[in-house]
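User: I would like to learn how to read the features of a structure that is new to me. Could you guide me through some of them in turn?

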Amino acid sequence: MCPYLDPRSTLDAAGNPGFGEPAETRFSTLRSMVDPRTQIEMYSWMKLARTFDEQMVAMWKQGRGLGGTFSGRGHEAISVGAGLALGRKDVVAPMHRDLGTYLVRGMTPERIFGNMLGRATGASRGRDANLHGVGDLDLGIIGFVSHLPQSLPTTLGIAMSFKYRSEPRVAMTFVGDGGTTAGAYHETLNMAGLWQAPFVLIIENNQYAYSTPLTQQMHAPNFAERAAVYGVATSSVDGNSVNDVYQTCVEAIERARTGGGPTVIEATTMRMLGHAIHDGAEYVPADLLDQWERRDPVANHRQHLLDTDIASEAMLEQVDTTSRERIAAAVAEAEAAAMPDPDTLEDGVYA
Ligand SMILES: Cc1ncc(C[n+]2csc(CCOP(=O)(O)OP(=O)(O)O)c2C)c(N)n1
Ligand SMILES: [Mg+2]
């Protein structure tokens, strides 16, 4: 359960009866396979990620000293669903929109805001003012390699180290639709299939690579079909359904852990803001954004929890309030933190 937002404990203390089993099963097979507690937990993390994201965007507009600001709005079901499906000893290399994965793996909002504000308390101790390259091996987070898509061969190498040592561990990473057009994507999948590595790759198909729409990127935009030729298992999933993403990842991770080889999961979603916050994304048709706004992963999962009687409105309001308080406290702590000591400038420089 999300350590910051535990609706069960808060609401039990308030005397709320809490949640029960779904009233009826009227959702897809995948959705009905996810237990109610996990579904509430996923909402808690998605809401925390969304609240963080909105705060980050607001602070950038206020000129409050954030570095590279890449919104993951719309990607929460992917980053949270995939992150929660992993085991404690597995590793993951998140991408620039995967804030939710950092959070579920245990990187605190204080450390992430501290990082974005260049503080000594940030995850990179002031070396990097966004989430590019920030990792924490104790949390099983491999720093994102900014040169796309070079996190793929790196993560495949880690997966192969698990295989060589006969450790039942899995390495997961992400790539954007744009990143799949680069050579290293194909080289990685070729070797992953050949070696049957314990490797899971999630393609975050958000329709755009910077200002280039999918239709101008590739002739055959069916990612699962294209990946299958490399000898990997493939799945296509609604990237705005956290239950579907989670369940698909659970199955892929289990297959990889038990010697069944790699999986490529295509998760379809939409990049809801510009490439980075300076980009107004005027090139994205407004009606396309409207269509995807109606499929918002956080709002829709919230409604699903209510419709199935998994959670009450009071419980979810409590989660929403706790998220706001948690993020406000993290920002206050990060803004009050010291900048790095200039004497430490060369720490961590090896060549
Ligand atoms: C080799 C390389 N070229 C260019 C960039 C700059 N860049 C960063 S993200 C990005 C767009 C990537 O699009 P996509 O893979 O679809 O991911 P998205 O940003 O949509 O999540 C570009 C061009 C980079 N990081 N690395
Ligand atoms: Mg993209």
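Predicted model: local features only at pLDDT ≥ 70, side-chain atom pairs only at ≥ 80, totals over all residues.

User: Is Asn 206 buried or exposed?

Analyst: A residue counts as buried when its relative accessible area is under 20%. Asn 206 has 5% relative accessibility and so counts as buried. Tyr 208, at 8%, is likewise counted as buried.

User: How should I read a pair of packed helices, and what is the angle between H7 and H8?

Analyst: Two packed helices are described by the angle between their axes and the distance between the axes. Helix H7 covers residues 151-164 and helix H8 residues 183-195; their axes come within 9 Å and cross at roughly 15°. H7 and H8 are therefore roughly parallel to each other, and H7 passes H8 in a left-handed crossing.

User: Which residues of H7 and H8 meet?

Analyst: From H7, Leu 152, Pro 153, Leu 156, Met 160 and Lys 163 meet Ala 184, Tyr 185, Thr 188, Met 191, Ala 192 and Trp 195 of H8. By class, the residues of this contact are nine nonpolar, one polar and one charged.

User: How do H3 and H13 cross?

Analyst: The axes of H3 (residues 36-61) and H13 (residues 313-336) come within 9 Å and cross at roughly 45°. Angles under 35 degrees count as roughly parallel, whereas H3 and H13 are oblique to each other. Their crossing is right-handed. Among the residues making the contact are Ile 40, Tyr 43 and Phe 52 of H3, and Leu 316, Val 319 and Ile 327 of H13. The contact of H3 with H13 has ten nonpolar, four polar and five charged residues.

User: Finally, where is Pro 340 placed, and which residues does Pro 340 contact?

Analyst: Pro 340 belongs to the segment after H13. With a relative accessible area of 24%, Pro 340 is partly exposed. Pro 340 and Gly 126 are 214 residues apart in sequence, yet their C-alpha atoms are 6.0 Å apart in space. Leaving aside neighbours within four places in sequence, Pro 340 is in contact with Gly 118, Arg 119, Ala 120, Arg 125, Gly 126 and Arg 127.

Technical notes. Residues numbered from 1 in each chain as written. Chains lettered and ligands numbered in written order. Heavy atoms only, no water. Buried < 20%, exposed > 50% of the residue type's maximum accessible area, 1.4 Å probe, protein only. Axes fitted to C-alpha atoms, helices over the stretch in contact; angles between N-to-C directions. Helix = DSSP H or I, 4+ residues; strand = E, 2+ residues; numbered from the N terminus. Parallel < 35°, antiparallel > 145°, perpendicular 65-115°, else oblique. Left-handed = near helix turned anticlockwise from the far one by under 90°. Contact = heavy atoms within 4.5 Å. Nonpolar A, V, L, I, M, F, W, Y, C, P; charged D, E, K, R; others polar.
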